[in-house]
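User: Please take a close look at one part of this model. Tell me how it is built and what surrounds it.

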Amino acid sequence: MKKYWKQFAGWVTGSTDRLFVSARIRLAAFYLFITATILVIFSLILYFSLVQIFKDSFGKEGPDLRDKSDMLVVRTIHDLKVDALELDVIALLVVSGLSYVLAGKTLNPIRKAMEAQKEFSANASHELRTPLAVMKTECEVALKDHDLSPEAIRVISSNLEEVDRMSSMTEDLLKFSRLESEKGEVFSSRVNIADVVASVAKRMNTIAAEKKVILKLGHLDQGTILGNRGYLETMIFNLVRNGINYNKHGGTVEINLVNDGKTMRLTIEDTGIGIGQEDLPHIFERFYKVDKSRTSGGTGVGLSIVEAIIEKHNGSIEVESKLGAGTKVIVYLLVA
Ligand SMILES: Nc1ncnc2c1ncn2[C@@H]1O[C@H](COP(=O)(O)OP(=O)(O)OP(=O)(O)O)[C@@H](O)[C@H]1O
Ligand SMILES: [Mg+2]
């Protein structure tokens, strides 16, 4: 149900700012809930007051149906109840619309601040590219000088490593901003997901062999989803690369794809080092690495890119892991 709701929200918004649309709907529902509660309380007070007036006017015997003034009181009380109910319904309808508009207005400054922040990080990463490329070239040229002392070689090589790390971080940030600014239609091509899995697995065989890890392609159901082939490739690539990188000598990474008619379930399971329970909730955060040492390779952005791509495809992801035993990542995508 949640998946269909997500798909609907994506369709309504063209998959752009789903975060804001769901926040807006939730805020509007909250405003509506408060108004409805106040209305219910007032209506109940009115109802019980009218019941009391009825009792006070006619006592236990009830109204005399032949008496005109009794009938007038009875009709007035009845009309008041019906009017109150009608007013409640009208008020709720008006408030639903107003709540949605008001929620949009409340969230607007936050949306603008976030957009400005995104634009800033996109511009900053873009501007950093050129100086980093220049520094890299200068370091490489300097290292070619045969008269350098061992200390100078050590310093320049270490600088070169840092420049490389900064370059891959800025590239990752750029990838993010590009992904976030993509419009809904970019994610609406018919993609044969089994094809994508097979081609990524083929590409990764060499990397797996270098790391002495066995890459197995298990069950591969055919199936089409609506999405973007390039981004889906990046998503699967990042997940399989993690399975290989955080594995043990002689370990395995197995990929399976199951089509149950409604959902494509992609599982990537490794027999690697696993992730501790205290780290699991954080692995999708940007720049989060379980092993904080700089030698562990990546920049800690791979999984946040994976999550953003899955979100753009209205899918979902789950991770199960046991320290020292391995990790299983499950991705759910809706069949087209
Ligand atoms: N299959 C896995 N097995 C064990 N640990 C994992 C696995 N996948 C992710 N992790 C842990 O989660 C962290 C975040 O993963 P993520 O892919 O986002 O970053 P990364 O691999 O460090 O860098 P990169 O940006 O190059 O992918 C990793 O640093 C690693 O510690
Ligand atoms: Mg990674």
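Analyst: Helices (H or I, at least four residues) and strands (E, at least two) are DSSP runs, numbered from the N terminus. This is a predicted model, so local features need pLDDT of at least 70 and side-chain atom pairs count only at pLDDT 80 or more, while totals for chains, interfaces and linings use all residues. Residues are numbered from 1 along each chain as its sequence is written, and chains are lettered from A and ligands numbered from 1 in the order in which they are written.

I take helix H5, residues 193-210. H5 has 18 residues. From first C-alpha to last, H5 reaches 26 Å, close to the expected 26 Å. That expected span is 1.5 Å times one less than the number of residues. H5 is not straight throughout: at Met204 the helix bends by about 40°. The bend is the angle between axes fitted to the seven residues ending there and the seven starting there.

Now the buried side. A residue is buried with 20 or more other C-beta atoms within 10 Å of its own, exposed with 12 or fewer, and partly exposed in between; C-beta atoms are placed from the backbone. Ile193, Val196, Val197, Val200, Met204 and Ala208 of H5 are buried. An α-helix has 3.6 residues a turn, so residues three or four places apart point the same way.

Next, the core. A nonpolar core is a set of buried Ala, Val, Leu, Ile, Met, Phe, Trp, Tyr and Cys residues joined through C-beta atoms within 7 Å. The largest one has 34 residues, and Ile193, Val197, Ile236 and Val240 have the most contacts inside it. At least two of its residues come from each of H5, helix H6 (229-245), strand E4 (252-259), strand E5 (263-270), helix H7 (302-312) and strand E7 (326-334). H6 gives the largest share, eight residues.

Contact here means C-beta atoms, placed from the backbone, within 7 Å. Beyond its neighbours within four places in sequence, Ile236 contacts Val196, Val197 and Val200.

Now the end of H5. Just after the helix, Lys212 takes a positive phi of about 60°. Lys212 sits in the loop between H5 and strand E2 (214-220). Lys212 counts as exposed because it has 12 C-beta neighbours inside 10 Å. Leaving out residues within four places in sequence, its contacts are His249 and Gly250. Gly230 is 18 residues from Lys212 in sequence, yet 27 Å away in space, C-alpha to C-alpha.

Gly302, Leu303, Ile305, Val306, Ile309 and Lys312 are buried in H7. The buried residues of H7 pack against helix H4 (150-181), H6 and strand E6 (316-322). Just after H7, Asn314 takes a positive phi of about 55°.

H6 and H7 also give two or more residues each to the shell around ligand 1. A residue is near the ligand if its C-beta atom, placed from the backbone, lies within 6 Å. Of the 22 residues around ligand 1, Tyr246, Val290, Gly298, Gly302 and Leu303 come nearest.

Thr224 is partly exposed, because 16 other C-beta atoms lie within 10 Å. Thr224 touches Arg190, Val191, Asn192, Val335 and Ala336, not counting residues up to four places away in sequence.

Notes. Two residues are in contact if their C-beta atoms, placed from the backbone, lie within 7 Å.
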